[in-house]
Amino acid sequence: MSQINPFSAEERLQAMVSAAYRASRSHFSHLPLRFIIDPPVDMLDAALARQVAIHILMVQFCIPRRRVMVLLSVGRTMVGQAVRTVDYRCDEPVFERTYRAIAARANDLFMTALHEAVEDAA
């Protein structure tokens, strides 16, 4: 992650997006990041990786739906479907454990970037 200004809301949001995508990729390591950001139509694992990233942004980082739509340039339906899909799949204990690990990784990546930015600013 590049250096962020911890006092800029926009830069913090971009760091959250980056952390969510990178954390999702940590589990879906066979996919290039560009496929997670914009999944090809026939790659269901890439679509699931993006749905996980969207869910992390909305649920873990508490970014409102409309803001996520603007940040990712996606439609309202896609964001809603991502949240529903991940919520539904979290009913399965194995998936839930994996999701929790990905979400924790996203939080760690974001907090590390934020902490480094604050240290550099001081």
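Which residues does F95 touch, not counting residues up to four places away in sequence? They are L48, V52, V86, R89 and C90, where contact means heavy atoms within 4.5 Å.

Some ground rules before going on. This is a predicted model, so local features need pLDDT of at least 70 and side-chain atom pairs count only at pLDDT 80 or more, while totals for chains, interfaces and linings use all residues. Residues are numbered from 1 along each chain as its sequence is written, and side-chain values use heavy atoms, with hydrogens and water left out.

F95 sits in helix α6, residues 93–121. Helices here are DSSP runs (H or I, at least four residues), numbered from the N terminus. F95 has a relative accessible area of 14%, so it is buried; the cut-offs are under 20% for buried, over 50% for exposed and partly exposed in between, using a 1.4 Å probe and protein chains only. Going from F95 to L44 takes you 51 residues along the chain, and their C-alpha atoms are separated by 15 Å.

**How the helices cross**

The axes are lines fitted to C-alpha atoms, over the stretch in contact for helices, and angles run from 0 to 180 degrees between N-to-C directions.

| Helix pair | Axis distance | Crossing angle |
|---|---|---|
| α3 (residues 44–60) and α5 (residues 76–89) | within 8 Å | roughly 95° |
| α4 (residues 65–72) and α5 | within 9 Å | roughly 115° |
| α1 and α3 | 9 Å | about 140° |

Take α3 and α5: their axes cross at roughly 95°. That makes α3 roughly perpendicular to α5; angles under 35 degrees count as roughly parallel, over 145 as roughly antiparallel, 65 to 115 as roughly perpendicular and the rest as oblique. On the α3 side, the contact is made by L48, R50, Q51, V52, I54, H55 and M58, and α5 brings M78, V79, Q81, A82, V83, T85, V86, D87 and R89. Sorted by class, those residues come out as 9 nonpolar, 4 polar and 3 charged. For that sorting, Ala, Val, Leu, Ile, Met, Phe, Trp, Tyr, Cys and Pro count as nonpolar, Asp, Glu, Lys and Arg as charged, and the others, Gly among them, as polar.

Next, α4 and α5, whose axes come within 9 Å and cross at roughly 115°. These two are therefore also roughly perpendicular to each other. R65, V68 and M69 of α4 meet R76, V79 and G80 of α5, which splits into 3 nonpolar, 1 polar and 2 charged residues.

Then there's α1 against α3, at about 140°, so this pair is oblique. Here the contact involves M16, V17, A20, Y21 and S24 of α1 with A49, V52, A53, I56 and L57 of α3. The tally is 9 nonpolar, 1 polar and no charged.

α3 is mostly covered, with 12 of its 17 residues buried. Among them are A46, L48, A49, R50 and Q51. α5 has 14 residues and reaches 20 Å from its first C-alpha to its last, close to the 20 Å expected. Its buried residues are V79, G80, A82, V83, T85 and V86.

H27 lies in α1, residues 9–27. With a relative accessible area of 42%, H27 is partly exposed. Leaving aside neighbours within four places in sequence, H27 is in contact with T98 and I102. The C-alpha atoms of H27 and A101 are 8.9 Å apart, though 74 residues separate them along the chain.

Finally, the backbone. Most residues other than glycine have a negative phi. C62 has a positive phi of about 55° although it is not a glycine. You'll find C62 in the loop between α3 and α4, and it is exposed at a relative accessible area of 60%. S73 has a positive phi too, near 55°. S73 belongs to the loop between α4 and α5, and counts as exposed at 67% relative accessibility.

Terms used
The expected span of a helix is 1.5 Å times one less than its number of residues.
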